[in-house]
Amino acid sequence: MKRLLSLAAFISLFTTAYSQEFHYGVFAGTNLNTMKIGNELYLCSDVDNCKKQMTVGFHGGAFAEYSFNKYLGVQAEFSYSQYGYRLKIDKEDSYALGEMGSMVTHVTGKGGSRIDNINLSLLFKCYLFNKRVAIDLGVQPNWVLSARRQEEVVTTVSLNDEVMNEEVIDTTFNLKKGSEFHPFNFSVVGGATYYINENIFLSARYIFGLKDIFMREVGYFTDDNKYYTEIQNQISKNRVVQIALGWRF
């Protein structure tokens, strides 16, 4: 009987200690994307008239957290995220035609991309204020499930304020894996988590992508006057502010 009581006490003590060290749970929130992009991704060659705007996306997933002690811990995550960029153009050019008057070309439009990702994150945690706050720092490899671009452009040509021609371009197309986007990417992650209580927490992070996502085919002539094409990276790195609300068990 004493042995059974001792075993029960040991199991109870071990379970209590283990439950204090190990947690798992779920989270969901918003991505605020400001992707770093090169000029070749803009809607026009005049970059000054193309404004980059913030893109809002969703992310959510599950995690497991283990505390080594009251100061240090580690957390692994599996999540889905939406990244991308958004652009807006508003450009007007005027041309004097002498006695015929003046011609105005006005270009307005918007464009962007959406990238669906699966992420695996590994974060090291430094606990502060009796584990009410954690500083998170780690790495995040991710796999691109799909990527697509959209472009809506209206070009209006007017002569003496009279519309002579209007052209509308409205296209959405899926990009091809391996030739138009890289299927694998890698980022570093830093941020903080505030534990509102034992179960509910709020986290804020910054994701800094290290690799370009988009690719393009570039053609060129060699010295022997032969034409070749090759796939080159475009400047397109993730820059994401991530805010999430979560529940842990």
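1. Basis. The model is predicted: local features need pLDDT of at least 70, side-chain atom pairs count only at pLDDT 80 or more, and totals for chains, interfaces and linings use all residues. Residues are numbered from 1 along each chain as its sequence is written, and side-chain values use heavy atoms, with hydrogens and water left out.

2. Overall make-up. The protein chain has one helix and 14 strands. Both kinds of element are DSSP runs numbered from the N terminus: helices are H or I of at least four residues, strands are E of at least two. Of the 249 residues, 36% are buried; buried means under 20% relative accessible area, exposed over 50%, and partly exposed in between, with a 1.4 Å probe and protein chains only.

3. Contacts and surface. Take the contacts between residues at least 6 apart in sequence: 69% of them join residues at least 24 apart. A contact means heavy atoms within 4.5 Å. The chain exposes about 14800 Å², and carbon and sulfur atoms supply 60% of that area. Accessible areas come from the Shrake-Rupley method with a 1.4 Å probe; for residues, only the protein chains shown count as cover.

4. Largest pocket. The space in the largest pocket is about 330 Å³. Of the 18 residues that line the largest pocket, Y85, G112, S113, R114 and Q150 are the closest to its centre. On a 1 Å grid over the protein atoms alone, a pocket is an open set of points with protein on both sides within 12 Å along at least five of seven lines, a cavity is a set where a 1.4 Å probe fits but cannot get out, and lining residues have an atom within 4 Å of a point. Grid points are joined across faces, edges and corners, and a volume is the space filled by probe spheres set on the points.

5. Pocket lining. β4 (55-67), β5 (72-96), β6 (102-128) and β7 (133-159) each supply at least two residues of this lining. β6 gives the most, with five. By type, the lining of the largest pocket has three nonpolar, nine polar and six charged residues. Ala, Val, Leu, Ile, Met, Phe, Trp, Tyr, Cys and Pro count as nonpolar, Asp, Glu, Lys and Arg as charged, and the others, Gly among them, as polar.

6. Cavities. Residues lining the largest cavity include F27, H59, F63 and R205. β10 (200-209) is one of the strands that supply at least two residues of this lining, and β10 gives the most, with three. The lining of the largest cavity divides into four nonpolar, four polar and two charged residues.

7. N185. This residue is in strand β9 (residues 184-195). N185 is buried, with a relative accessible area of 1%. A polar atom of the N185 side chain lies 3.2 Å from the backbone oxygen of K211. N185 and D212 are 27 residues apart in sequence, yet 7.7 Å apart in space, C-alpha to C-alpha.

8. Q140. Strand β7 holds Q140, which is buried at 2% relative accessibility. The side chains of Q140 and Y83 are joined by a polar contact of 3.2 Å. A polar contact is a pair of N or O atoms within 3.5 Å; within protein, one must be able to donate a hydrogen and the other to accept it, and residues adjacent in sequence count only if both atoms are side-chain atoms. Not counting residues up to four places away in sequence, Q140 touches N185 among others.
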